[in-house]
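Please open the structure in your viewer and keep the selection tool at hand.

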Amino acid sequence: MRNQSVCLVLILLIATGLIDAQTHTQWPTQDGNYVIPNYHFGNGESIAELKLHYLTLGQPHRDATGHTDNAVLLLHGTGGNAHSLLNPVFSDVLFGPGQPLDITKFFIILPDDIGHGESSKPSDGLHMRFPHYDYDDMVASQYAMLVDGLHVDHLRLILGTSMGCMQSFVWGETYPQFADALAPFACLPVELAGRNRIWRYMAMQMIRDDPEWKGGEYTAEPKEGLRGANDLIVIAGSAPLQMQKNFPTRKDAEAYVDQTMDTLIAHSDANDFLYYVDASRNYNPEPELGTITAPVLWINSADDFINPPELGIAQRLVTKMPHAKFILVPISDATRGHGTHTQAAVWKDYLIQFLQETEKK
């Protein structure tokens, strides 16, 4: 089993020089685990025990009627974990005194999703016999963890990045009254088709086609398959402006590739990769977007390869939700392609305004 303590996308951004590889602020996190026996997935598969790991910051508060009114669920991206959004470019901008998610006022919950971090995943031993989870399973298990594990019966905000962005839309449709507000960053609420599904499928096939994968029963990681798969992760997560700025010569660009691939492969498990990339296969909130009644702050970046603005999807679909606002952040020295979702300084002011607008009087 490989160490998944660092988000693949985060590794990519650090190795690229697009964010500083500084030490994380030592936030006073509390670790927790919620275990669900005999857990059944949406496709009929089950597991004897599903463990969900999470971190929390701050303390829950209950209103006069006993309902939690300050809980914030922060959802990481594909390949990430509870620590991903503790990165300084996110946490230092949002969690401190007087900041929009000040931990002295809010109860912050950062889960490891199914298949990620310290939660149950294929590399724990089941390999390809692990249940084939999808985003609906992830959201359902998050709900169980909150309600039964943490005794949180309401959320002030769900803020999701990338995969977490997509889960935010699933949350809005599945549990429409559970959160006061949704903040999905860096995704589109449509079936993953076109180039988005193509590059994901190509990445998965590169692993499956590596003879060393052995149907998931490898004794050593299938490095050639992982290299090809992570090549696509690099391209998908890249920001052309920053790539050109940080690697202006052929020598620089090639050195970056060599360094990044070694790092990514060392922190990848092939089966875990297959599962979490494929978890989006059933995702398609578009038909039910009109049922999302919570206010929505939806932000994408114009240099996002994975969710290119020229498709016009966001501008068309934002009108289907009764209380949604879409913001396309223009390309600048501050944006980081798909990774702009973690660069909180870029969109912090929008979040502050959104929290003010959705605050219950």
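Begin by selecting Ser268, which sits in the loop between helix H8 (250-266) and H9; helices (H or I, at least four residues) and strands (E, at least two) are DSSP runs, numbered from the N terminus. The model is predicted, so local features need pLDDT of at least 70 and side-chain atom pairs count only at pLDDT 80 or more, while totals for chains, interfaces and linings use all residues. Residues are numbered from 1 along each chain as its sequence is written, and side-chain values use heavy atoms, with hydrogens and water left out.

Is Ser268 buried or exposed? Its relative accessibility is 0%, and Ser268 therefore counts as buried; the term buried means under 20% relative accessible area, exposed means over 50%, and partly exposed is in between (1.4 Å probe, protein chains only). Display the side chain of Ser268 together with the backbone of Leu264: a polar atom of that side chain lies 2.6 Å from the backbone oxygen of Leu264.

**Helix H9**

Next, select residues 270-278, which form helix H9. Because 9 of the 9 residues of H9 are buried, this helix is largely enclosed by the rest of the structure. Among the buried residues are Phe273, Leu274, Tyr275 and Tyr276. At the start of H9, select Asp269 and Asn271: a side-chain oxygen of Asp269 reaches to within 3.1 Å of the backbone nitrogen of Asn271.

Leu126 and Asn271 are 145 residues apart in sequence, but their C-alpha atoms are 9.8 Å apart in space. Leu126 is partly exposed, with a relative accessible area of 32%. In the loop between strand E4 (107-111) and H3, select His127 as well. The phi angle of His127 is near 55°, a positive value in a residue other than glycine. His127 counts as partly exposed, at 21% relative accessibility.

**Helices H3 and H4**

Now select helix H3 (residues 135-149) and helix H4 (residues 163-174). Two packed helices are described by the angle between their axes and the distance between the axes. The axes of H3 and H4 come within 10 Å and cross at roughly 75°. Axes are lines fitted to C-alpha atoms, for helices over the stretch in contact, and angles run from 0 to 180 degrees between N-to-C directions. H3 and H4 are therefore roughly perpendicular to each other (angles of 65 to 115 degrees count as roughly perpendicular).

Which residues of H3 meet H4? They are Tyr135, Asp136, Met138, Val139, Gln142, Tyr143 and Leu146, and they meet Met163, Met166, Gln167, Val170 and Trp171 in H4. The residues of this contact between H3 and H4 divide into 9 nonpolar, 2 polar and 1 charged. Here Ala, Val, Leu, Ile, Met, Phe, Trp, Tyr, Cys and Pro count as nonpolar, Asp, Glu, Lys and Arg as charged, and the others, Gly among them, as polar.

Remain in helix H3 and select Tyr143. Leaving aside neighbours within four places in sequence, Tyr143 is in contact (heavy atoms within 4.5 Å) with Trp171, Tyr175 and Phe178. Tyr143 is partly exposed, with a relative accessible area of 27%.

Proceed to Asp153, in the loop between H3 and strand E5 (157-161). Asp153 counts as partly exposed, at 30% relative accessibility. Not counting residues up to four places away in sequence, Asp153 touches Arg62, Gly66, His67, Thr68 and Phe178. A polar contact of 2.7 Å joins the side chains of Asp153 and His67, and another of 3.0 Å joins those of Asp153 and Thr68. A polar contact is a pair of N or O atoms within 3.5 Å; within protein, one must be able to donate a hydrogen and the other to accept it, and residues adjacent in sequence count only if both atoms are side-chain atoms.

**Helix H2**

For the last stop, select Ser91 in helix H2 (residues 88-94). Ser91 counts as buried, at 0% relative accessibility. The side chain of Ser91 makes a polar contact of 3.0 Å with the side chain of Trp27. Apart from neighbours within four places in sequence, the residues in contact with Ser91 are Trp27, Leu85, Leu86 and Gly96.

How values were computed: Angles under 35 degrees count as roughly parallel, over 145 as roughly antiparallel, 65 to 115 as roughly perpendicular and the rest as oblique.
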